[in-house]
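Welcome! Have the sequence and the 3D view at hand as you read.

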Amino acid sequence: MSFSLEGKVALVTGGGRGIGKEIARRFVAAGADVIIASRKLENLHKTAEEFSSLSGRILPVRCHIGKADQVESAVAAAEEQFGTIDIMVNNGATNLEQGPSLSVSDAAVMKMVEINVLSAVRFLRLTVPKMIEKGGGSIINIASIAGLRPQREGLLYSFTKSGLIMMTRTWADEWGQHGIRVNAIAPGLVRTDFSSFFWKRLDENAQYPPTQPIKRLGETSDIGGIALYLASDESTWVTGQVMVIDGGATAR
Ligand SMILES: NC(=O)c1ccc[n+]([C@@H]2O[C@H](COP(=O)([O-])OP(=O)(O)OC[C@H]3O[C@@H](n4cnc5c(N)ncnc54)[C@H](OP(=O)(O)O)[C@@H]3O)[C@@H](O)[C@H]2O)c1
């Protein structure tokens with residue numbers, strides 16, 4: 001059994017905190033060279049410093065993933081430093097205008113699509129041709145259980161995550177012949193800044209959805225291991241799948 005990522009290069013968007021940070025930590029510890037890309041460089045540097053004693057190298061790169069030119073420069077910086085990318089993790093995302101569907105603005109639709117969905121298309125347009133040349137790669141898209149069933153008052157978030165899931169399946173179908181695997185992870189409620197609006201209320205009431213058999217919040221460590229599995233050679237027959245990691249919330 002080998003979860004080693006020695007000799008591999010990974011790019012993790014939003015790798016400075018939350019789920020992306022934990023994924024980056026697992027990858028660096030497994031020997032990969034990892035680029036972490038997001039808007040707040042100071043935060044990325046802090047994470048890089050924290051991981052500096054781990055096995056692989058880490059490169060922080062400032063990148064607003066909704067902006068095409070910044071996506072291009074992030075990939076160029078990654079390739080200049082470490083060579084071509086073997087593992088691409090589309091993790092960075094945003095959630096705007098949570099509320100009734102009729103109040104959603106055009107601007108919010110466009111921004112959510114650009115950051116949560118188009119960013120992945122742009123990163124893959126730049127990285128997949130080189131994966132094809134090399135004969136393989138692993139792509140991991142961080143979706144959500146909100147992409148599998150509607151999230152109350154979360155129209156835009158749900159539809160962008162659902163889009164990412166369908167892209168995952170489509171890309172897996174298209175690029176499998178080149179040895180490229182494409183999978184999604186759909187987390188339930190995980191304790192990060194992103195979801196604090198939801199889990200702070202749960203903590204106060206100590207109540208979990210009756211449909212969630214494991215009565216605790218998800219932690220970023222619950223997601224990191226599955227990402228390492230999907231990146232590693234332990235999962236070479238796994239593609240086009242959505243790994244649901246949610247304490248069983250959607251099991252019924
Ligand atoms: N937490 C949950 O309950 C949960 C559940 C299901 C799915 N997810 C998904 O998990 C992923 C990670 O979320 P998280 O919970 O770890 O949240 P988080 O701790 O708030 O992290 C979000 C990350 O995305 C980056 N980001 C946001 N907007 C960006 C932009 N425009 N350009 C570049 N980077 C950007 C942030 O970095 P900067 O601020 O530095 O840009 C940050 O690193 C997301 O795709 C989210 O949808 C989370």
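His45 counts as partly exposed because 15 C-beta neighbours lie inside 10 Å. The cut-offs are as follows: a residue is buried if 20 or more other C-beta atoms lie within 10 Å of its own, exposed if 12 or fewer, and partly exposed in between, with C-beta atoms placed from the backbone. His45 sits in helix 2 (residues 41–50). Helices (H or I, at least four residues) and strands (E, at least two) are DSSP runs, numbered from the N terminus. From His45 to Lys161 is 116 residues in sequence and 28 Å in space, C-alpha to C-alpha.

Residues are numbered from 1 along each chain as its sequence is written. This is a predicted model, in which local features need pLDDT of at least 70, side-chain atom pairs count only at pLDDT 80 or more, and totals for chains, interfaces and linings use all residues.

## Around the ligand

Now turn to the ligand, which is surrounded by 29 residues, the closest being Gly14, Gly18, Arg39, Ala93 and Phe194. Here a residue is near a molecule or strand if its C-beta atom, placed from the backbone, lies within 6 Å of it. Helix 1 (residues 18–29) gives the largest share of this shell, 3 residues.

What classes of residue make up the shell around the ligand? There are 10 nonpolar, 15 polar and 4 charged residues. In this scheme Ala, Val, Leu, Ile, Met, Phe, Trp, Tyr, Cys and Pro count as nonpolar, Asp, Glu, Lys and Arg as charged, and the others, Gly among them, as polar.

In soluble globular proteins, nonpolar side chains tend to be buried together. The largest nonpolar core of this model has 65 residues, and Ala10, Phe27 and Val34 touch the most other members. Helix 4 (residues 106–134) supplies the largest share of this core, 8 residues. A nonpolar core is a set of buried Ala, Val, Leu, Ile, Met, Phe, Trp, Tyr and Cys residues joined through C-beta atoms within 7 Å.

Phe27 is in contact with Leu5, Ala10, Ala32, Val34, Gly56, Leu228 and Ala231, leaving aside its neighbours within four places in sequence. Contact means that the C-beta atoms of two residues, placed from the backbone, lie within 7 Å.

Helix 4 has 29 residues and reaches 40 Å from its first C-alpha to its last, close to the 42 Å expected at 1.5 Å a residue. That expected span is 1.5 Å times one less than the number of residues. At Leu118, helix 4 bends by about 45°; the bend is the angle between axes fitted to the seven residues ending there and the seven starting there. Its buried residues include Met112, Ile115, Phe123 and Met131. Among the elements covering the buried residues of helix 4 are strand 1 (9–13), helix 3 (68–82) and helix 5. After helix 4 comes Gly135, whose phi is positive, near 90°.

Helix 7 (residues 220–231) has 12 residues that should span 16 Å at 1.5 Å a residue, and its end C-alpha atoms are 17 Å apart, which agrees. Asp222, Ile223, Gly224, Ala227, Leu228, Leu230 and Ala231 are the buried residues of helix 7. They pack against strand 1, helix 1, strand 4, strand 5, strand 6 and strand 7 (242–245).

## Two loops with positive phi

Most residues other than glycine have a negative phi, and most peptide bonds are trans. Glu97 has a positive phi near 50° and lies in the loop between strand 4 and helix 4. Glu97 counts as partly exposed because it has 19 C-beta neighbours inside 10 Å. In the loop between strand 5 and helix 5, Glu153 has a positive phi of about 60° although it is not a glycine. With 14 other C-beta atoms within 10 Å, Glu153 is partly exposed.

## Buried or exposed?

Is Ile180 buried or exposed? Ile180, in strand 6, counts as buried because it has 24 C-beta neighbours inside 10 Å. Val128, Met131 and Trp175 are among the residues that Ile180 touches, not counting those up to four places away in sequence.

Thr170 lies in helix 5 (residues 155–175). Thr170 is exposed, as 12 other C-beta atoms lie within 10 Å.
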